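Reader: I would like to know what stands behind the terms used for this model. Please set each value against its definition.

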There are 2 protein chains.
Amino acid sequence: MDLIWNDRIAEGARGISSSAIRDLLKLTAQPEMISFAGGLPAPELFPAEEISAASEQALAEAPLASLQYGPTEGYAPLRELVAGWLRRLDLPVPPEQLLVTAGSQQGLDLLGRLLIDPGAPVAVEEPTYLGALQAWQTCRPSYLTLPVDEHGLDVGALESLLASGVRPRFLYVVSSFQNPTGTTLSPERRVRLVELAARYALPIVEDDPYGELYYEGARATPLAALDIAMHGELRHVVYLGTLSKLLAPGLRVGWIAAPRALYDRLVMLKQGMDLHTSSTAQLLAYYACRDGLLDRHIPRLRAVYRERRDAMLAALTRQLPAEVRWTRPTGGMFLWLTLPKGQDAQALLGRALERKVAFVPGQPFHPGGGGANTMRLNFSHSPPAQLAEGVTRLAEAMRSG
Amino acid sequence: MDLIWNDRIAEGARGISSSAIRDLLKLTAQPEMISFAGGLPAPELFPAEEISAASEQALAEAPLASLQYGPTEGYAPLRELVAGWLRRLDLPVPPEQLLVTAGSQQGLDLLGRLLIDPGAPVAVEEPTYLGALQAWQTCRPSYLTLPVDEHGLDVGALESLLASGVRPRFLYVVSSFQNPTGTTLSPERRVRLVELAARYALPIVEDDPYGELYYEGARATPLAALDIAMHGELRHVVYLGTLSKLLAPGLRVGWIAAPRALYDRLVMLKQGMDLHTSSTAQLLAYYACRDGLLDRHIPRLRAVYRERRDAMLAALTRQLPAEVRWTRPTGGMFLWLTLPKGQDAQALLGRALERKVAFVPGQPFHPGGGGANTMRLNFSHSPPAQLAEGVTRLAEAMRSG
């Protein structure tokens with residue numbers, strides 16, 4: 001057959017950066033490999049029995065809703081449940097503005113397709129979440145990159161950009177325990193950011209998969225909650241949530257809370273894409289969560305992941321050369337490591353893999369280029385002893401350079 | 001917020017034709033309404049207990065694969081199982097060419113995004129499946145429409161088109177028990193079509209959700225099987241299959257069997273869209289099917305749906321005015337009714353709804369326009385007595401016009 005491609009899509013779907021990471025993730029499946037490379041929840045913590053009981057209940061009590069076609073917007077009781085969950089975060093969004101998606105990844109795809117033309121400006125943190133760049137690879141935006149420091153996105157840099165007259169289609173921000181750096185947007189910056197969004201009518205796409213996984217203090221207030229507090233309804237922020245990090249990513253159940261101006265188009269676009277998110281998965285999620293499983297499960301995740309974060313930070317302090325720097329996340333799954341200027345994380349990865357330890361080099365998280373001396377480490381996937389051993393191997397790889 | 005849309009996508013996502021049908025489907029949920037409008041499997045036939053047992057087994061035996069992130073290509077044992085299933089249809093595709101999708105709808109979306117540029121020619125049957133038109137609404141192809149008669153797509157018309165030098169990006173065809181007409185491509189035309197595809201290097205997208213639901217004779221040989229028989233491998237045909245009509249649409253589990261030239265791009269594009277199809281749904285499908293559930297279940301569907309088709313055909317013959325024509329499908333879920341020229345199915349729908357019977361007017365299935373005097377009737381969703389009563393009401397509505 002003679003395939004004539006939609007060049008933009010076909011080129012985007014070459015997955016330039018992601019195929020290297022796919023290969024890396026395959027490597028990490030080798031025996032004895034200690035992997036800091038993934039972004040996977042710890043599998044030993046999956047509440048498989050509770051999920052199994054919920055599945056049985058869903059199929060017994062609501063076989064039709066579990067198995068038949070359903071509304072594109074999502075299973076109504078699940079949307080109610082998510083609305084109730086968000087209300088507890090001071091994020092009172094009516095179910096009518098909630099769209100159930102196949103994980104946040106589909107949310108990113110939907111928003112990119114709807115709001116990005118080729119060449120259109122999109123503001124992102126740098127570094128930013130690789131999955132978002134992958135989702136939008138086929139849309140070919142022109143990225144405006146904003147620096148990230150220990151208080152999250154540099155809101156001053158965004159303000160300068162907006163004041164200069166640039167109008168991004170939207171700003172994409174992972175507001176808490178960012179992937180990849182682990183940093184969290186400070187309360188002051190959150191307020192300033194939502195004020196900026198209102199002043200410049202800038203749509204913000206807030207991706208918040210890790211917000212519940214805080215290991216110090218309290219949960220950060222989502223930008224979406226501030227938007228509602230300031231404007232009486234969700235007006236400037238599109239909020240992406242997911243069960244992937246809180247219950248199980250294999251379900252592929254997430255949601256978008258969208259301003260009214262956006263909601264109907266998102267629904268119609270999703271209908272053409274997959275009709276609706278798996279009913280089976282949605283009902284399983286609903287039956288698992290309606291009796292408070294998340295309230296029991298999330299504190300377990302916090303306790304275990306906090307211990308792992310501490311173990312990795314202690315090992316890094318103990319083992320790594322003094323000139324290496326890293327972030328100290330107060331939650332989430334990742335930390336970000338910066339080698340001295342001129343050192344190359346990709347080259348280090350080669351030496352690390354020889355010693356059976358893996359991580360993700362930071363360059364692909366930089367849509368503007370650069371970041372060759374940076375790398376992302378996951379600390380949530382492995383128990384403390386393995387984390388310590390992995391850091392020992394990593395330190396050896398660094399010294400052997 | 002100031003939303004600047006990707007105009008093409010935002011316009012497409014207005015869902016011009018589909019929103020009317022969504023409203024219609026809501027209407028059909030009214031009490032006492034007899035609906036011939038949907039495309040839903042009969043809910044009373046869902047093997048809910050067997051699916052529940054499979055779910056329990058999947059979560060007990062393979063909790064990790066059920067709940068964790070999985071490969072974009074799909075759960076490997078499910079791809080093996082589908083490959084085995086296709087082998088029995090003389091369609092020996094290796095698992096490496098199978099991509100598990102969120103139903104066939106996602107397959108249509110993937111193929112549209114990858115192969116259609118705005119204005120690019122795409123050949124379709126007329127009438128054709130509305131869901132495909134919806135999936136591609138945002139891609140804005142220029143449709144080349146080919147007539148359908150009682151032997152399916154008019155392959156001669158396609159040959160003339162190709163001989164005139166036109167090169168569609170692909171031909172889309174529902175080869176068996178077409179949605180909406182219920183007609184099936186004859187064996188002679190199938191062979192001729194695959195020969196044409198080879199001669200003109202024309203990619204064919206074969207959508208085959210209903211092929212197993214035959215009520216007379218044997219299963220039709222898929223175009224994809226002929227392609228393999230003639231060329232030693234899948235070369236010209238992209239084959240879409242799904243569990244939606246055979247097991248349960250709520251699972252959202254389907255597959256694409258793709259020529260090698262296409263496969264990798266499909267995988268990379270899907271990865272950016274949703275990472276992978278719900279693991280929970282895939283494993284449930286795998287555990288349900290591995291012990292032969294489909295072999296037990298599909299004959300039950302055939303027996304029940306055959307009886308319903310017969311009931312509807314008998315009622316139509318008995319009740320409808322002599323000048324109305326309809327197809328006599330040998331399988332599937334739909335038949336197609338043609339009113340005398342000048343009569344309007346949309347106007348008839350108004351009178352039918354007053355009498356509590358619903359159907360889908362045929363116009364939206366015609367990308368080239370026309371079809372105002374046509375309509376689609378589903379016969380699989382209601383038991384025989386209801387079908388007969390619905391046809392009585394429909395005949396009244398016709399006579400009252």
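Author: pLDDT is the predictor's confidence in each residue, from 0 to 100. The model is predicted, and chain A has a mean pLDDT of 94, with 97% of its residues at 70 or more. The scores for the model are ipTM 0.94 and pTM 0.95.

Reader: Why are the two copies said to be related as by a two-fold rotation axis?

Author: A rotation of 180° with 0.0 Å of shift along its axis superposes chain A on chain B, with an RMSD of 0.0 Å. The two copies are therefore related as by a two-fold rotation axis. The same surface serves both copies, since 100% of the contact residues of chain A recur in chain B.

Reader: Where do the domains of chain A lie, and how many residues of each are in contact?

Author: The domain assignment gives domain 1 (15–45 + 295–399) and domain 2 (48–291). Their C-alpha centres lie 25 Å apart. In contact are 29 residues of domain 1 of chain A and 29 residues of domain 2 of chain A. On the domain 1 side, H13(A) gives the most, with seven residues. The residues of that side divide into twelve nonpolar, 13 polar and four charged.

Reader: What makes both faces of strand S9 of chain B count as covered?

Author: A residue is buried if 20 or more other C-beta atoms lie within 10 Å of its own. B:Gly254 and B:Ile256 on one side of S9(B), and B:Trp255 and B:Ala257 on the other, are all buried, so both faces are covered.

Reader: Which strands pair with S9(B), and in which sense?

Author: Pairing needs at least two bridges. Strand S2 (residues 98–101) of chain B pairs with S9(B) in the antiparallel sense over four bridges, and strand S8 (residues 237–242) of chain B also pairs with S9(B) in the antiparallel sense over four bridges. B:Gly254 stands opposite B:Thr101 and opposite B:Thr242.

Key
Residues are numbered from 1 along each chain as its sequence is written. Chains are lettered from A and ligands numbered from 1 in the order in which they are written. This is a predicted model: local features need pLDDT of at least 70, side-chain atom pairs count only at pLDDT 80 or more; totals for chains, interfaces and linings use all residues. Domain bounds come from an automatic or database domain assignment. Two residues are in contact if their C-beta atoms, placed from the backbone, lie within 7 Å. Helices (H or I, at least four residues) and strands (E, at least two) are DSSP runs, numbered from the N terminus. Ala, Val, Leu, Ile, Met, Phe, Trp, Tyr, Cys and Pro count as nonpolar, Asp, Glu, Lys and Arg as charged, and the others, Gly among them, as polar. Copies are superposed by least squares on the C-alpha atoms of residues with pLDDT of at least 70 in both. A residue is buried if 20 or more other C-beta atoms lie within 10 Å of its own, exposed if 12 or fewer, and partly exposed in between; C-beta atoms are placed from the backbone.
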